[in-house]
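Here is a short briefing to read with the structure open beside you. Topics are grouped so that you can follow them residue by residue.

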Amino acid sequence: MQRVWTVERFSYIFAALGSLFALGAGAAMALQPAVNAKLREQCNHPLQASVVSFGVGLLALLGLATLLRVGVPSVERLQTLPAWAWTGGLLGTYMVTVSLLVAPAMGATRWIALVLAGQMVVSLVLDHFGWLGYAQHAFTWPRIFGVLCVVLGVLIVMRN
């Protein structure tokens with residue numbers, strides 16, 4: 001029997017792979033503060049550890065982009081970006097540097113719980129208004145309840 005590759009089958013596979021990649025990203029977020037904390041032990045300042053961390057990441061990205069022959073975007077395309085689109089690297093720098101300073105003492109569970117709560121609350125607002133290019137998904141009671149459950153979970157984790 002021959003399999004027919006339909007758009008629906010591809011979208012299902014894409015969704016499944018996307019979910020696995022998202023779980024992997026979550027795992028990486030739990031691992032990253034500990035890895036960076038070890039790096040921080042060898043540096044004189046947390047910002048040095050951030051610079052080394054981002055330097056290694058930059059080298060990895062440059063190597064991958066070279067290998068895949070991705071090239072660079074044109075200046076014309078970059079000039080059309082909204083101002084907020086330039087802040088991605090700053091947000092990543094904030095995340096890594098704060099995790100270096102806070103996560104080791106706080107512990108992985110508390111750190112990730114607070115990060116997750118912040119992500120969920122802001123994501124709910126971004127989705128509701130369709131800000132920053134996200135598809136618009138209105139506030140609904142199930143979505144609000146789900147986020148409140150996450151926040152309640154964080155409060156429980158923080159007490160323990």
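Let's begin in a loop: Arg-69 sits between α2 and α3 (75-79). Its phi is positive, about 55°, although Arg-69 is not a glycine. Please keep in mind that this is a predicted model. From that loop, the briefing moves on to the helices, the chain as a whole, and a few side chains worth a visit.

- Arg-69 counts as exposed, because its relative accessibility is 77% and the cut-off for exposed is over 50%.
- Helix α2 covers residues 46-68, which makes 23 residues.
- Which residues of α2 are buried? They are Pro-46, Ala-49, Ser-50 and Ser-53.

- You will find Leu-132 in the loop between α5 and α6 (141-159).
- Leu-132 is partly exposed, at 45% relative accessibility.

**The chain as a whole**

- The protein chain has six helices and zero strands.
- Read along the sequence, its pattern is α-α-α-α-α-α.
- Is the chain a compact globule or more spread out? It is more spread out, because its radius of gyration is 20 Å, well over the 15 Å that the globule rule gives for 160 residues.
- Along the principal axes, the C-alpha atoms fill a box of roughly 60 × 45 × 45 Å.
- Buried residues make up 14% of the 160 in the chain.
- The chain exposes about 12,400 Å², and carbon and sulfur atoms supply 72% of that area.
- Take the contacts between residues at least 6 apart in sequence: 53% of them join residues at least 24 apart.

**A nonpolar patch on the surface**

- Seven names to highlight in your viewer are Phe-10, Tyr-12, Ile-13, Leu-17, Leu-20, Phe-21 and Leu-23, which form a nonpolar patch on the surface.
- Together these patch residues have about 820 Å² of accessible area.
- One of them, Tyr-12, lies in helix α1 (residues 7-41).
- Tyr-12 is exposed, with a relative accessible area of 62%.

- Leu-101 belongs to helix α4 (residues 88-106).
- With 47% relative accessibility, Leu-101 counts as partly exposed.
- Beyond its neighbours within four places in sequence, Leu-101 is in contact with Arg-40 and Pro-46. Pro-46 is also one of the buried residues of α2.
- The C-alpha atoms of Leu-101 and Pro-33 are separated by 9.1 Å, although these residues are 68 apart along the chain.

**Salt bridges**

- Side chains of opposite charge can pair when their charged atoms come close.
- How many salt bridges are there? The count comes to two.
- In one of them, Lys-38 pairs with Glu-41, and the closest N and O atoms are 3.2 Å apart.
- Both Lys-38 and Glu-41 lie in helix α1, three residues apart, or about one turn of the helix.
- Lys-38 and Glu-41 are both exposed.
- Another salt bridge joins the side chains of Arg-143 and Asp-127, at 2.8 Å from N to O.
- This pair links distant parts of the chain, with Arg-143 in helix α6 and Asp-127 in helix α5, 16 residues apart.
- Arg-143 is partly exposed, with a relative accessible area of 29%.

**A closer look at Asp-127**

- Asp-127 is found in α5, which runs over residues 108-129.
- Is Asp-127 buried or exposed? Asp-127 is buried, because its relative accessible area is 17% and the cut-off for buried is under 20%.
- Not counting residues up to four places away in sequence, Asp-127 touches Tyr-134, Ala-135, Gln-136, His-137 and Arg-143.
- Arg-143 in that list is the salt-bridge partner of Asp-127.

Terms used: Residues numbered from 1 in each chain as written. Predicted model: local features only at pLDDT ≥ 70, side-chain atom pairs only at ≥ 80, totals over all residues. Heavy atoms only, no water. Patch = residues over 30% accessible without salt bridge, like charges linked within 9 Å, V, L, I, M, F, W, Y side chains within 5 Å. Areas by Shrake-Rupley, 256 points an atom, 1.4 Å probe, with all protein chains shown as cover. Salt bridge = Lys/Arg side-chain N within 4 Å of Asp/Glu carboxyl O. Helix = DSSP H or I, 4+ residues; strand = E, 2+ residues; numbered from the N terminus. Buried < 20%, exposed > 50% of the residue type's maximum accessible area, 1.4 Å probe, protein only. Expected span 1.5 Å × (residues − 1). Rg over C-alpha atoms; globule rule 2.2 N^0.38 Å. Contact = heavy atoms within 4.5 Å.
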